[in-house]
Amino acid sequence: MSKQVETVRRITAPEIRGRKGGDPIVTLTAYTAPMARILDQHCDILLVGDSLGMVVHGMPNTVGVTLDMMILHGQAVMRGSERALVVVDLPFGSYETSPEQAFASASRVLKETCAQAVKVEAGVTVAPTVKFLVDRGIPVMSHVGLLPQAVNADGKFRAKGRTPEEREQVLAAARASDEAGAFAIVVEGVDESLAPEITAAVMAPTIGIGASVACDGQVLVVDDLLGLFDWTPKFVRRYGNIKGVIDEAVSKYAADVRTRRFPAAAETYVLGGGKARQPRVAGGGERG
Ligand code: KIV
């Protein structure tokens, strides 16, 4: 009898859209294959966010991120995962000129990474682009509220919804994205009372970051959650202290290298039947 092969099928964009008001949608950013491998079993969506410019490449903001960078990291995340829906951010400058420019960028992402969807930061003016992509078979997640790619126009990363006008702008952007056919809407950095209003106003599930527990799902930058940085924004809950773990491991390694305790005999190749040299400890003496 032939062996039954269980094939794992990825979660799809329509399935995520169908989760409106249902089980909360678990989303994290992922930028590399090994991390995607760990996150895949826990997450519904892996977002290859352009936050990778800051998190992985040490940039001051996301403006300098290129389409080629997004594609490289998208490929890595696809190689490391098999179950979660993978969404890749379109970076600043790759979709704003025209719907045609957005289609060229998004189709490159889908063809070259095999990810299933793209995300765009979508003020009201970007809604026609969302519709253009959706009409041509590209699932789009939109992003409203605090738009990190607009940091130069805003002057800094600043939560939205302080004034009635600002609340109305964010709500209008969410409605426009929804009408344009976005399968999900990231709501970032808004007044806590605004996110439930948006969630109630749109058909697509909302995925909050610095928004509200009332969203249909949540997303965080994985390195923030793991505690890789000294500073974390207010809306992050740290579930680990990876920086501390790395510090401790690397300081032990450095000490072992400096005292010639690494590598030990068991960690070296002895080819041709010889005996491994015993390590000389600091101070010049042979150990053994
Ligand atoms: O780039 C990113 O990581 C994002 C999330 C924080 C929503 O857009």
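In this predicted model, the side chain of aspartate 50 places an N or O atom 3.0 Å from an oxygen atom of the ligand. Serine 51 also takes part: 2.5 Å separates an N or O atom of its side chain from a ligand oxygen atom. For aspartate 89, a polar side-chain atom is found 3.2 Å from an oxygen atom of the ligand. Each of these distances falls within the 3.5 Å cut-off for a polar contact. On its own the ligand would expose 260 Å², and the protein buries 95% of that area.

Where does the ligand sit? Its site is the largest pocket. Asp50, Ser51 and Asp89 belong to the set of residues that surround the ligand, and this set also contains Thr29, Leu47, Gly49, Lys119, His143, Val186 and Ile209. Sorted by class, the shell consists of three nonpolar, four polar and three charged residues. Leu47, Val186 and Ile209 are the nonpolar members, while Asp50, Asp89 and Lys119 are the charged ones.

As for confidence, the pLDDT averages 94 over the chain, and 93% of the residues score at least 70. Residues 284-288 have a pLDDT below 50. In the model this stretch makes 10 contacts beyond near neighbours in sequence.

Technical notes. Residues are numbered from 1 along each chain as its sequence is written. This is a predicted model: local features need pLDDT of at least 70, side-chain atom pairs count only at pLDDT 80 or more; totals for chains, interfaces and linings use all residues. Side-chain values use heavy atoms; hydrogens and water are left out. A residue is near a molecule or strand if one of its heavy atoms lies within 4 Å of it. A polar contact is a pair of N or O atoms within 3.5 Å; within protein, one must be able to donate a hydrogen and the other to accept it, and residues adjacent in sequence count only if both atoms are side-chain atoms. Accessible areas come from the Shrake-Rupley method with a 1.4 Å probe; for residues, only the protein chains shown count as cover. On a 1 Å grid over the protein atoms alone, a cavity is a set of points where a 1.4 Å probe fits but cannot get out, and a pocket is an open set with protein on both sides within 12 Å along at least five of seven lines; lining residues have an atom within 4 Å of a point. A molecule sits in a cavity or pocket if more than half of its atoms lie within 2 Å of its grid points. pLDDT is the predictor's confidence in each residue, from 0 to 100. Contact means heavy atoms within 4.5 Å.
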